[in-house]
Amino acid sequence: MAKDQIQRFLFEEYDVRGEFVQLENVSQQVLFDKDYPEPIANLLAQLVPAACLLSASLKFEGSLIIQAQNIDPLVALMAECTNDFKFRAIAKWDTAGWDEKCEQMKASSQSPIEQLLTNGNLAITIAPKEGKRYQGIVPLEKPTLSGCLEDYFAQSEQLPTRIYLGKNDDTLAGMLIQRLPESRGNEHDFDHITTLADTVKEE
């Protein structure tokens with residue numbers, strides 16, 4: 001039976017928290033049952049667990065939405081996760097412009113994901129069931145979605161954060177490592193934890 005799970009953990013002696021998410025049911029519903037081109041499917045496969053990791057910190061009823069903006073030829077690319085981990089995700093693209101984009105990707109040394117992320121913005125919207133929405137926008141200046149999300153945390157919350165995203169044939173996964181606010185430790189503690197986390201392989 002397919003399983004979806006999220007596990008929170010804490011390194012108390014280092015004032016570092018973390019989350020690990022593994023999605024099998026969700027991956028079938030929002031990704032593998034759809035006829036997405038491979039580069040778009042790969043990007044959406046990172047966006048979905050990322051939305052889950054970020055929504056895990058919500059302390060109210062509502063949802064968190066990650067949406068890519070101004071990325072040609074993508075018309076829409078978004079993933080939404082509620083505080084009780086209900087998902088919605090979608091990708092739409094300009095079919096007329098897609099063939100030309102594919103030819104450009106074939107001729108480039110960059111990965112398709114790197115090229116699809118170029119020159120756009122990433123909008124993270126926190127939408128409480130009651131109250132005003134909050135939205136943060138970060139330019140897509142890194143070659144990976146995880147790198148762009150780490151920039152978001154550095155700019156909006158000023159918390160050292162590392163995000164790891166991966167997938168295999170039927171499962172999406174992600175891990176977040178973050179230094180706690182008002183940490184009593186030093187930056188070497190966080191570096192020690194992330195050095196260990198860097199040894200985790202995508203598989």
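Predicted model: local features only at pLDDT ≥ 70, side-chain atom pairs only at ≥ 80, totals over all residues.

Guide: Residues are numbered from 1 along each chain as its sequence is written, and side-chain values use heavy atoms, with hydrogens and water left out.

Visitor: What is the order of the strands in the open sheet?

Guide: Strands of a sheet pair through backbone hydrogen bonds, either parallel or antiparallel. Strands here are DSSP runs (E, at least two residues) and helices likewise (H or I, at least four), numbered from the N terminus; two strands pair if DSSP finds at least two bridges between them. The open sheet has four strands in the order β1-β2-β9-β8, with antiparallel pairing. Its edge strands, β1 and β8, each pair on one side only.

Visitor: How many bridges join β8 to β9?

Guide: Seven bridges join these antiparallel strands.

Visitor: Is T171 buried or exposed?

Guide: Buried means under 20% relative accessible area, exposed over 50%, and partly exposed in between (1.4 Å probe, protein chains only). T171 has a relative accessible area of 7%, so it is buried. T171 is found in the loop between β8 (161-167) and β9 (172-179). The side chains of T171 and D170 are joined by a polar contact of 3.0 Å. Such a contact is a pair of N or O atoms within 3.5 Å; within protein, one must be able to donate a hydrogen and the other to accept it, and residues adjacent in sequence count only if both atoms are side-chain atoms.

Visitor: Which residues lie nearest the centre of the largest pocket?

Guide: Rolling a probe the size of a water molecule over the atoms shows where empty space is left. On a 1 Å grid over the protein atoms alone, a pocket is an open set of points where a 1.4 Å probe fits, with protein on both sides within 12 Å along at least five of seven lines; lining residues have an atom within 4 Å of a point. The largest pocket is lined by 25 residues, and R17, S57, L58, K59 and Q178 lie nearest its centre.

Visitor: And which residues are closest to the centre of the second largest pocket?

Guide: F20, A173, K201, E202 and E203 are the closest, out of 15 lining residues. The largest share of this lining, four residues, comes from β8.
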